[in-house]
Amino acid sequence: TDFWKEMQSNRIGNLLSGARLKASLSQAQLAEKLGVRQNMISDYERGKRRLSLSMAKRIAKILHIKVDRIS
């Protein structure tokens, strides 16, 4: 259902945010390392944008986490 999809995207966003903070990175710093704009990271964390598998892999590598943690 749409509700479940929304809950799932928020869960991933929360996990992403937590991993980013644990790595002591701001949204802007993570965005710079990825070569994207800060608002893109914000959108991922708020569940406004769907995280693709390729982007999840790039983020996981930078944050030193397993990709299945955020995908």
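Reader: Let's start with R20. With which residue does R20 form a salt bridge, and how far apart are the closest N and O atoms?

Author: In this predicted model, the partner of R20 is E45, and their closest N and O atoms are 2.5 Å apart. When you read such a pair, look next at where the two residues sit.

Reader: Are R20 and E45 buried or exposed?

Author: Both R20 and E45 are buried.

Reader: How many salt bridges does the count come to?

Author: The count comes to 3 salt bridges. Another one joins D43 to R46, with the closest N and O atoms 2.8 Å apart. D43 and R46 are 3 residues apart in helix α3, which means that about one helical turn separates them.

Reader: Which residues are linked with D43 in a network of salt bridges?

Author: D43 is linked with R46 and R49 in that network. The bridge between R49 and D43 has its closest N and O atoms 3.6 Å apart, which falls inside the 4 Å cut-off for a salt bridge.

Reader: Why is D43 called buried, while R46 is called partly exposed?

Author: The labels follow from relative accessible area: buried means under 20%, and partly exposed lies between that and 50%. D43 has 16%, so D43 is buried. R46 has 47%, so R46 is partly exposed. R49, at 36%, is partly exposed too.

Reader: Now for the nonpolar side. What is the general idea there?

Author: In soluble globular proteins, nonpolar side chains tend to be buried together. Here, the largest nonpolar core has 16 residues, and the members that touch the most other members are Y44, L51, M55, I59 and L63.

Reader: Which elements give two or more residues to this core?

Author: They are α1 (2-22), α2 (27-34), α3 (38-46) and α4 (53-63). Of these, α4 gives the most, with 4 residues.

Key:
Residues numbered from 1 in each chain as written. Predicted model: local features only at pLDDT ≥ 70, side-chain atom pairs only at ≥ 80, totals over all residues. Heavy atoms only, no water. Core = buried A, V, L, I, M, F, W, Y, C linked by side-chain atoms within 4.5 Å. Buried < 20%, exposed > 50% of the residue type's maximum accessible area, 1.4 Å probe, protein only. Salt bridge = Lys/Arg side-chain N within 4 Å of Asp/Glu carboxyl O.
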